[in-house]
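Dear colleague,

Please find below the structure that I am handing over to you. My notes on it follow directly after.

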Amino acid sequence: MTEPPRVLLADDQTLVRTGFRMILGADGIDVVAEATNGAEAVEAARRTRPDVVLLDIRMPEMDGLEATRRILEPPLAGGPRVIILTTFDLDRYVYAALSAGASGFLLKDVTPEYLVAAVRTVRTGDALLAPAITRRLVQRFAQRGSDTASLHRDLASLTRRELEVLGLLARGLSNAELAARLHLAETTVKTHVARILAKLGLRDRVQAVIVAYETGLVSAGATADQM
């Protein structure tokens, strides 16, 4: 039986931390540490080595963006997964955190069921893609050639099929939908996605979506039917 994920909860609002801790605890998920600002979150992540960090994007002393960067850099690289907590779905800071390696984001009014599912999803290595909101966020803030963008990759290493998969992935299609659209087995789609991530040096599907927009492979406002 797989052990439940170990969670670090970082938010400067006591009520938010208390509520989330109760929700996760009721599902058998242990909150191993809490933090009230980004600096405390980085220290707690290094000390407790959690599987998942729930991290408020706007905190005193050090915000969630800088904390994300520090938590995901060596020696913690390959360790915890970061989920950003925010009050606003279309937030430039959230986009920057996703570019820095966060696996997804949640609004603070998330339902208990979705919070638990999100933590378990990113713990397995999957990205937390709420397709409609995440695509809107990326479409709004991704800028080709932006000096502030964290992810710039040369897509020349990808095959034509991999470019096609990446483009559709960026439109929010699931593996099953990709398989149906491209007339491939779902296992083949998973292999293509894994190769794309490996070739581009990306952590997960969220970063792949950002790369697709920032390189111009996908344009804002395009639909899957236009790919």
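**Notes on the structure**

The protein chain exposes about 10500 Å², of which carbon and sulfur atoms supply 51%; accessible areas come from the Shrake-Rupley method with a 1.4 Å probe, and for residues only the protein chains shown count as cover. This is a predicted model, in which local features need pLDDT of at least 70 and side-chain atom pairs count only at pLDDT 80 or more, while totals for chains, interfaces and linings use all residues. Residues are numbered from 1 along each chain as its sequence is written, and side-chain values use heavy atoms, with hydrogens and water left out.

The confidence of the model comes next. The mean pLDDT (the predictor's confidence in each residue, from 0 to 100) of the protein chain is 84, and 86% of its residues reach 70 or more. Confidence is highest in strand β1 (residues 6–10), at a mean of 97, and lowest in helix α6 (residues 131–141), at 70. Over residues 144–149 pLDDT stays under 50. Where pLDDT is low, the predicted coordinates should not be read in detail.

The protein chain has 10 helices and 5 strands. These are DSSP runs numbered from the N terminus: helices are H or I of at least four residues, strands E of at least two. Of the 227 residues, 49% count as buried (under 20% relative accessible area; exposed is over 50%, partly exposed in between, with a 1.4 Å probe and protein chains only).

Helix α8 (residues 175–182) packs against helix α9 (residues 186–200) at an angle of about 110°, with the axes 8 Å apart. Axes are lines fitted to C-alpha atoms, for helices over the stretch in contact, and angles run from 0 to 180 degrees between N-to-C directions. The angle makes α8 roughly perpendicular to α9 (65 to 115 degrees). Asn175, Ala176, Leu178 and Ala179 of α8 make the contact (heavy atoms within 4.5 Å) with Glu186, Val189, Lys190 and Val193 of α9.

The axes of α4 (residues 92–99) and α10 (residues 205–214) come within 9 Å and cross at roughly 105°; α4 and α10 are therefore roughly perpendicular to each other. Here Tyr95, Leu98 and Ser99 in α4 meet Val206, Gln207, Ile210 and Glu214 in α10.

Finally, glycine 172 lies in the loop between α7 (160–170) and α8. Glycine 172 counts as partly exposed, because its relative accessibility is 25%.

With kind regards

Definitions and conventions. Parallel < 35°, antiparallel > 145°, perpendicular 65-115°, else oblique.
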